Amino acid sequence: MKAIVVGGGIGGLAAAVSLRRVGWEVVVYERAAAFGEIGAGVGVMPNAMRALEWMGLDAEIRRLGTPRVSGGVRSSDGRWLVHLPDVGQEQIIAMHRADLHGVLLRALPSEILFNDVEVTSVEDLDADLVVAADGINSRLRADLLPSAPGPVYAGATAWRGVAPGPFDLPISQTLGPGGEAGILPLGDGRVCWYLAAVAPVGADLDPAEVFAGWHDPLPELVASTPAVIRHDIYELPLLPTFVSGRVALLGDAAHAMTPYLGQGACMALEDAVTLALCDGDLARYDAVRRPRTRAVWRGSRAAGRFGIGLRSPIAVALRDFVLRATPSSAAVRGMGKFATWQVPTQFTRTG
Ligand SMILES: Cc1cc2nc3c(=O)[nH]c(=O)nc-3n(C[C@H](O)[C@H](O)[C@H](O)COP(=O)(O)OP(=O)(O)OC[C@H]3O[C@@H](n4cnc5c(N)ncnc54)[C@H](O)[C@@H]3O)c2cc1C
């Protein structure tokens, strides 16, 4: 059986690795001039780690990433709202996105990887399965599901970067009025960070101004970062299906979500393993992945409403009070709610 994967991001490469693992012949077409990944950090959640284990890549991920256990949630003045020392929860592996992408890329033979190939229609693709992993603005999705709405602005803009450091910090998320920040320390003293703020689409804001007065070392992280990436946050309204004929949508092409749970790329890894285990049974893939990603998509939205979405001092004070009153065990359960996913056991074909 032959599959063509369109898109060489984390989702597309994970699909290629996974399909090859169950015996498919695969090629990957990427429109960029080279396979690569921009961006900053990614937290490989326990659910994503299970997907990577199934792909046989966990040792390499652990070698390049840094396991993080302690950390928590802070208010913009730096007070801990939820402080989780090592309470036995599963670890998040902090790593640079380029490293995660690189692990997937090295797991594939170079002769199946084709860059500078932009796929605009599936018609001429000679394959039993086409995996549309061409990102949030998927050309193939627009072709296959012309009546489905495209991405919608989620009301906030984000900045990401890697501060060279060295810093010695716990992993943390900071919730302030109309904004949030995340700190993902790598093991070598560098720190991946992101900031997000409620803003009109395309607003030309200076993060140093928007986050002035937020706790240390956030201003220093931003100021010391050589290249800050900024982009508006979009989400894809829930689709009626992830499949059409022999085509399966995967990753952001299928379910781009807001970043407030840090699960977007993790979902793409789950998709990839599930697609391979479905072994060409796309109805099964759709039936399994749509409810799962819908729940996480909605969870991410809810996290945004509770986090970045609160702007009035009273609402922020109330949220902070609720978080401070939450016992650690309940906080761990809440934060890990979507990370309990297990690799599905082998499916039987539905038709
Ligand atoms: C601010 C922010 C923070 C985030 N933080 C996290 C996090 O901490 N953890 C996490 O899990 N997720 C996070 N995410 C989400 C994550 O970045 C995405 O979910 C993930 O990268 C999606 O991967 P993908 O392979 O589906 O799509 P993409 O990474 O967009 O890859 C699509 C690929 O397809 C190629 N392509 C596009 N069109 C074509 C075409 N026509 N023909 C051929 N190739 C094509 C593109 O060049 C690209 O290489 C974050 C997102 C944002 C916006």
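1. Start with Leu104. Beyond its neighbours within four places in sequence, Leu104 is in contact with Ile10, Leu13, Ala14, Val17, Leu52, Met55, Leu57 and Leu269. The model is a predicted one. Leu104 also stands out in the largest nonpolar core, which has 70 residues: Leu52, Met55 and Leu104 touch the most other members. The biggest contribution to this core comes from helix α9 (residues 264–278), which gives nine residues. Another core lies apart from it, with 15 residues, including Val191, Leu195, Phe211 and Leu221. As background, nonpolar side chains tend to be buried together in soluble globular proteins.

2. Overall dimensions. The radius of gyration is 20 Å, which agrees with the value near 20 Å that a compact globule of 351 residues would have. Along the principal axes, the C-alpha atoms fill a box of roughly 55 × 40 × 40 Å. Secondary structure amounts to twelve helices and 16 strands.

3. Buried residues make up 52% of the 351. Among contacts with a separation of 6 or more, 76% join residues 24 or more positions apart. The protein exposes about 15,100 Å², and 54% of that is supplied by carbon and sulfur atoms. There are 32 positive and 36 negative charges, and their mean positions are 7 Å apart.

4. Helix α2. This helix spans residues 46–54 and is mostly covered, with eight of its nine residues buried. The buried residues are Pro46, Asn47, Ala48, Met49, Arg50, Ala51, Leu52 and Trp54. Note that Arg50 and Asn47 are on that list. Leu52 links back to point 1, as one of the residues that touch the most other members of the largest core. Just after α2, Gly56 takes a positive phi of about 80 degrees.

5. Gly135. This glycine is found in the loop between β9 (129–132) and α5 (139–144). Its relative accessible area is 25%, so Gly135 counts as partly exposed. Not counting residues up to four places away in sequence, Gly135 touches Arg141, Asp252 and Ala253. Gly135 and Leu249 are 114 residues apart in sequence, yet their C-alpha atoms are 9.4 Å apart in space.

6. Cis peptide bonds. Most peptide bonds are trans. Two cis bonds to proline deserve a look at the model. One joins Gly165 and Pro166, with omega about 10 degrees. Pro166 is found in the loop between β10 (152–163) and β11 (171–176). The other joins Asp216 and Pro217, with omega about 0 degrees. Pro217 has its place in the loop between α6 (207–210) and α7 (218–223).

7. Most residues other than glycine have a negative phi. Asp116 has a positive phi of about 65 degrees. Its place is in the loop between β8 (113–114) and β9. Asp116 is exposed, because its relative accessible area of 56% is over the 50% cut-off. Asp279 also has a positive phi, near 50 degrees. Asp279 sits in the loop between α9 and α10 (282–306). With a relative accessible area of 37%, Asp279 is partly exposed.

Notes
Residues numbered from 1 in each chain as written. Heavy atoms only, no water. Helix = DSSP H or I, 4+ residues; strand = E, 2+ residues; numbered from the N terminus. Rg over C-alpha atoms; globule rule 2.2 N^0.38 Å. Buried < 20%, exposed > 50% of the residue type's maximum accessible area, 1.4 Å probe, protein only. Contact = heavy atoms within 4.5 Å. Areas by Shrake-Rupley, 256 points an atom, 1.4 Å probe, with all protein chains shown as cover. Lys, Arg positive; Asp, Glu negative; His and termini not counted. Charge placed at Lys NZ, Arg CZ, Asp CG, Glu CD. Core = buried A, V, L, I, M, F, W, Y, C linked by side-chain atoms within 4.5 Å.
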